[in-house]
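This briefing sets out computed features of one structure, grouped by topic. The sequence and model come first, and the points follow.

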Amino acid sequence: MDLSFQLYSARDFTPWEDVIKTIAGLGYSHVEGFGGVYEDPAAFRALLDANGLTMPSGHFFPVGNFETEIDKTLATAKALGMQRVFCPAPEDDYRNGVGAEAWVQLAKRLEEAAKRVQDAGLRFGWHNHHWEFMPLADGTIPMQLILDNAPSIEWEMDVAWVVRGGGDPLAWIAANADRITTAHVKDIAPAGMCEDEDGWADVGHGTMDWPALIAALRKAGCDLFVAEHDKPSDARRFAERSIASFKTY
């Protein structure tokens, strides 16, 4: 599948009509949704259709969107044409040092969410940040607890966040080839650079070995790649340089 674009990357560069026109003009075929574009799913779908774009995947946060808000979430996903949906982050409590038992409970919630989403004909998974790779007091890695205790979920690997959490992405890819179906393609700037962009870089302009990583992900069966930058100073620059780099991998 061609490279997708996580619309969160352009949240500060709206109106969305201009963003979508730009993304399509740069050669993207797909976008990934997030909460900021779900207010009127039918209207946003019409905007995508008018520009020849599809939204095969989307993020819904927090996990409660797949519990008490499941009907609304599914309706939104289907209206926008999604085939796979992801929960993109743990709630705030998990970011401040909870123990293994709490991560296991989160995984069990995700497993139940997967059943609800799959019963509706869609696919469900987890998108990581760095918290999941920071060892707990007993040395346990939260991401492993999630994978072990939510066996039905897919994994949308945010590769750069794995690195920022201290993990080895190639090792995680090799060990979880059957779980990683989707990947976020983002880059980390060299130390001391791009500080106004939280240290992120355009894809291919940072320190990540993307040729090797993309090859490993494709070998694992990953079939959807999503360009993302958490805080670009220029969304068009990021989108243009990133798709140009991706085409060489």
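Leaving aside its neighbours within four places in sequence, which residues is F44 in contact with? They are L7, W16, I20, V37, M55 and L80, where contact means heavy atoms within 4.5 Å. The model is predicted: local features need pLDDT of at least 70, side-chain atom pairs count only at pLDDT 80 or more, and totals for chains, interfaces and linings use all residues. Residues are numbered from 1 along each chain as its sequence is written, and side-chain values use heavy atoms, with hydrogens and water left out.

- Helices (H or I, at least four residues) and strands (E, at least two) are DSSP runs, numbered from the N terminus; buried means under 20% relative accessible area, exposed over 50%, and partly exposed in between (1.4 Å probe, protein chains only).
- An α-helix has 3.6 residues a turn, so residues three or four places apart point the same way.
- G52 follows α2 and has a positive phi, near 70°.
- F44 is also listed, with L7, L110 and F124, among the residues with the most contacts inside the largest nonpolar core, which has 77 residues. Such a core is a set of buried Ala, Val, Leu, Ile, Met, Phe, Trp, Tyr and Cys residues joined through side-chain atoms within 4.5 Å.
- Helix α4 (residues 100-119) gives the largest share of this core, eight residues.

**Aromatic pairs**

- The structure holds 15 aromatic pairs. Rings of Phe, Tyr and Trp (its six-membered ring) pair if their centres lie within 6.5 Å; planes under 30 degrees apart count as stacked, over 60 as edge-to-face and the rest as tilted.
- Y8 and F34 have ring centres 5.5 Å apart and planes at 85°, so this pair is edge-to-face.
- Y8 is in the loop between β1 (4-6) and α1, and F34 is in the loop between β2 and α2, so the pair ties together parts that are 26 residues apart in sequence.
- Y8 is partly exposed at 31% relative accessible area, while F34 is buried at 13%.
- W155 and W172 also form an edge-to-face pair, 5.9 Å centre to centre with 90° between the planes.
- W155 is in strand β6 (residues 154-158) and W172 in helix α7 (residues 169-175), so that pair ties together parts 17 residues apart in sequence.
- W155 is buried at 0% relative accessibility, and W172 is buried at 14%.
- One aromatic cluster is formed by Y8, W16, F34 and F44.

**Charges over W200**

- R164 lies over the face of W200 at 3.6 Å from the ring centre, and K186 lies over the face of W200 at 4.6 Å. The criterion is NZ of Lys or CZ of Arg within 6 Å of the ring centre and within 35 degrees of the ring normal.

**H127**

- H127 lies in strand β5 (residues 123-127) and is buried, with a relative accessible area of 1%.
- The side chain of H127 makes polar contacts with the side chains of D158 (3.1 Å) and H184 (3.2 Å). A polar contact is a pair of N or O atoms within 3.5 Å; within protein, one must be able to donate a hydrogen and the other to accept it, and residues adjacent in sequence count only if both atoms are side-chain atoms.
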